[in-house]
Amino acid sequence: MIKKKTIYVCKSCDYQTSQWLGKCPSCGAWNSFEEETYDDDKAAAADKKSVRRTLLARDFGESEPMLLSENVPDYLRSSTGMGEFDRVLGGGLVSGSVVLLSGEPGIGKSTLLLQICHSLSQTKKVLYVSGEESAAQIAMRAKRLGVRSESLWVLTETDASKVLEKADKLSPDVIVVDSIQTMYHSESATIPGSITQIRESSAMFINRAKTDGTAVLLVGHVNKEGGIAGPKILEHMVDTVLYFEGERRQNFRLIRAMKNRFGSTNEIGVFEMTDKGLREVENPSEMLLSDRPKNVPGNCAVCVMEGTRPLIAEIQALTSPTVFPSPRRMSTGIDYGRVSLIIAVIEKRLGLAFQAHDVYVNVIGGIKIDETASDAAMAMALISSVRELAVPDDLIAFGEIGLSGEVRTVSRVEQRVAEAARLGFTRIAIPRRCAERLDKIPDGVKIFPINTVFDLLPLMAK
Ligand SMILES: Nc1ncnc2c1ncn2[C@@H]1O[C@H](COP(=O)(O)OP(=O)(O)OP(=O)(O)O)[C@@H](O)[C@H]1O
Ligand SMILES: [Mg+2]
């Protein structure tokens, strides 16, 4: 009889123990241990970190030392037909790479991948494996999206070895697995979705990619905390980790790279969800500004850099008097701490009182700003709301605000100014130092240099 050995593994950091624990002693996560069972002959290998090592190690076959300067092949990249997706991948899908695309339920992962499969299948053989939906469901979606191809194959299967067996016969150039959490490895005793299963089936797909150059796209579910469900090690094993995010109730969707072995992680891809699937948004600024109210106090435009691309967004602030001793402060899309800091600077330096006001700050379009260059615009929106004075519609401000109320320089000023001018902003308030260094001022644009938060006041409409 085969003897089983049980160990408990932390889902967030892979710490292993022989007993179940409520709190992980290594990473401090609560309730994160899951049971894994091994056959006794595998138990020796299960001894703590050796499992990790065997799974991380790749089977490259026997190889000889090679001079780095010799035989350097270039990445073989193929366009996915969506410029926005290619951009996040670093310029297209690399053959033999493994990409993990994760996101909230219903955000549009399957939709996006089916659209990408469609374009890739114009020149390549593509296999779309689904463990979540029936072939009829996928066909219905394909019909809605207008996907029709002679070289796109669909397989509904959850046994990873069977998938690979069928892939051997078909020999596709691209395999999409929707989703990795539904796959299981029949030789492993645990249930599908458990960390052992996810780890083992991913390892099978990764090995496949590395041995014969198939590009593999894996869909990953996210857990309650927003991380990728399953073992942390999954993110180490794949080449690229992408997050698909956005407010489900709004149509705006963003793809960010969290890790990329073949490109920068600064770039984002912007999409809009429509009944015909995801549509690329090449000019996100135009879309974000389309419903902007005119002459209303409490909002200001800002230019933030998303990777190498400037994005114009709108920051709104609402201050309303309250009778409660501790007023509310709420922020969406921008760091709460940063909002408190800017409020404190305005109170102290400009003498404007917020103590008796609830303050709400919001960034339009479900985007998240994490750049201090947005400080000046946030301050403008706050001042505008508390003083009931609208910021002129054609004015945009950027600059980092320091604790003494000074406005500090930001990077890539020329690019931000050019984007603002392209979208019709004619008054651009920028830190004085940046204004001095600015070589080219677009036609019809007036630059307002700002030194401190005091300089923001005359910019408000009379
Ligand atoms: N007929 C339709 N018209 C417009 N949008 C639709 C239509 N059908 C579906 N959608 C959009 O597609 C989304 C579902 O997309 P999709 O199934 O690709 O998401 P998913 O991320 O794969 O979800 P899951 O995690 O459940 O697999 C819906 O939330 C909705 O926004
Ligand atoms: Mg899906």
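**Figure 1. The shell around ligand 1.** Ligand 1 is surrounded by 14 residues, the closest being Gly106, Lys109, Ser110, Thr111 and Arg141; a residue is counted as near a molecule if one of its heavy atoms lies within 4 Å of it. The model is predicted: local features need pLDDT of at least 70, side-chain atom pairs count only at pLDDT 80 or more, and totals for chains, interfaces and linings use all residues. Residues are numbered from 1 along each chain as its sequence is written, chains are lettered from A and ligands numbered from 1 in the order in which they are written, and side-chain values use heavy atoms, with hydrogens and water left out.

Figure 2. A polar contact here is a pair of N or O atoms within 3.5 Å. The side chain of Thr111 places an N or O atom 2.5 Å from an oxygen atom of ligand 1. For Lys109, a backbone N or O atom lies 2.8 Å from an oxygen atom of the ligand. In Arg141, a side-chain N or O atom is 3.0 Å from an oxygen atom of ligand 1. Taken alone, ligand 1 exposes 640 Å², of which the protein buries 63% (Shrake-Rupley method, 1.4 Å probe). Two or more residues of the shell come from each of α4 (109-120), α5 (135-145) and β13; α4 gives the most, with three residues. Helices (H or I, at least four residues) and strands (E, at least two) are DSSP runs, numbered from the N terminus.

**Figure 3. The aromatic pair Phe244 and Phe271.** One aromatic pair is found in a search of the whole structure. The ring centres of Phe244 and Phe271 are 6.5 Å apart and the planes stand at 75°, so the pair is edge-to-face (centres within 6.5 Å; planes under 30 degrees apart stacked, over 60 edge-to-face, the rest tilted). Because Phe244 belongs to strand β11 (residues 240-245) and Phe271 to strand β13 (residues 268-274), the pair ties together parts that are 27 residues apart in sequence. Both Phe244 and Phe271 are buried (under 20% relative accessible area, 1.4 Å probe, protein chains only).

**Figure 4. Charges over rings.** The charged end of Lys446 sits over the ring of Phe448, 4.7 Å from its centre. Arg416 lies over the face of Phe398, at 5.8 Å from the ring centre. The criterion is NZ of Lys or CZ of Arg within 6 Å of the ring centre and within 35 degrees of the ring normal.

Conventions: Rings of Phe, Tyr and Trp (its six-membered ring) pair if their centres lie within 6.5 Å; planes under 30 degrees apart count as stacked, over 60 as edge-to-face and the rest as tilted. Buried means under 20% relative accessible area, exposed over 50%, partly exposed in between (1.4 Å probe, protein chains only). A polar contact is a pair of N or O atoms within 3.5 Å; within protein, one must be able to donate a hydrogen and the other to accept it, and residues adjacent in sequence count only if both atoms are side-chain atoms.
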